[in-house]
Amino acid sequence: MIAAVFEQGSGFSVCDVPIPEIGPDDLLVRVEASAICGTDLRVVKNGQRKLTNGDRVVLGHEFTGVVEKAGARQAAHFPEGVRIGVAPNIGCGRCRMCAMALPNMCPDYRAYGINIDGAHAEYVRVVGDSIQQGSVMRLPEGVSPEAAALIEPLSCVVNGSRSVRIGLGDRVVIFGAGPIGLFHVMLARNAGASLAAVVEAMPHRLEAAAAFGADLCIDAREGDVVERILAATDGEGADAAITACSVASVQQQALELLAPLGRVCLFGGLPKGASAAPLDTNLIHYKNLVVTGMTGGAPADFRCALNLTVSGRIDVTRVISHRYPIAEVGAAYDAALRGEGMKIVLEGSA
Ligand SMILES: [Zn+2]
Ligand SMILES: [Zn+2]
């Protein structure tokens, strides 16, 4: 089968690899749709610290598919033909974070497309540990494969959005209008924010933010972002800010534009070394700010994102800009690495 493979030390290639073998606790899943994430691109560009030189992994952790073959111990629960979604992180099962059902916080987590074979391929093996940890969910009829493939990134945004507790009437600032920033706009509006402002430097992304219902779109290249937010909030500042980008300077801006008791989620990580950018922590002290961060999503966040998607409350497919058949996965990665468009979805061979 065709697969997008990353080899630590050598890089990305499109390969013909064997269809995965499964054990009695596993599922063989025919991938119906998968999406390329910034994390996949970071692995391609910088490698993965969980891999050692020469390790090969099939990329892709945002996916859905139907059970092609179930291991003997799973057949009763996940019969052939059932469509599933998978929260991609697998915890060790022994640590405190795992005991709290937060495999995304486990120091020894494994994940599809990171250090076990992922879903940018025709088939993926869903390992028994995923099922054991409640990370594999049957999907109801009516959710399209491409929507199902985007539940995972939405689950991470659910996790981040929850951490800043957006409430009715809150004024919210979101830095970055890539797919993640746009999901944050949708969730903030859904949570009852009275202002969803977006700060972004790329013109096509600013346009997207407006189309997604941002009330105020600020071009980061023009004027003073903090002043613009103060002007839009009667000089009071914002209740919540989310940095959905990997730009160090916006973290300081977020602290400056928050009202007293404001909350900020540092959603986007920074490239190595960039976290040396200074933060004025007196802003946190004197304004009693709450500073949070997050990485990934837990199975509970995945279920929440699944419900939001299935109910139609959030239409995740609106962030899709490109669709490629899996046979053209190389071209899809080229486009993603060029930074074109928004979300790129790979469609499985039926
Ligand atoms: Zn992702
Ligand atoms: Zn653990």
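Predicted model: local features only at pLDDT ≥ 70, side-chain atom pairs only at ≥ 80, totals over all residues.
1. Some ground rules come with the model: local features need pLDDT of at least 70, side-chain atom pairs count only at pLDDT 80 or more, and totals for chains, interfaces and linings use all residues. Residues are numbered from 1 along each chain as its sequence is written, chains are lettered from A and ligands numbered from 1 in the order in which they are written, and side-chain values use heavy atoms, with hydrogens and water left out.

2. The structure holds 14 salt bridges (a side-chain nitrogen of Lys or Arg within 4 Å of a carboxyl oxygen of Asp or Glu). In one of them, Arg110 pairs with Asp129, with the closest N and O atoms 2.7 Å apart. Arg110 sits in strand E8 and Asp129 in helix H3, so the bridge ties together parts 19 residues apart in sequence (helices, H or I, of at least four residues and strands, E, of at least two are DSSP runs, numbered from the N terminus).

3. Asp170 and Arg263 are worth a look too: their closest N and O atoms are 2.9 Å apart. This pair links distant parts of the chain, 93 residues apart, with Arg263 in strand E15. Both Asp170 and Arg263 are buried (under 20% relative accessible area; exposed is over 50%, partly exposed in between; 1.4 Å probe, protein chains only).

4. Do turn to helix H8 (residues 225–232), where Val225, Val226 and Ile229 are buried. They cover an arc of only 100° around the axis, which puts them on the same side of H8 (the arc is that of the directions from the helix axis to the C-beta atoms). Exposed Glu227 and Ala231 are on the face turned away from that buried side.
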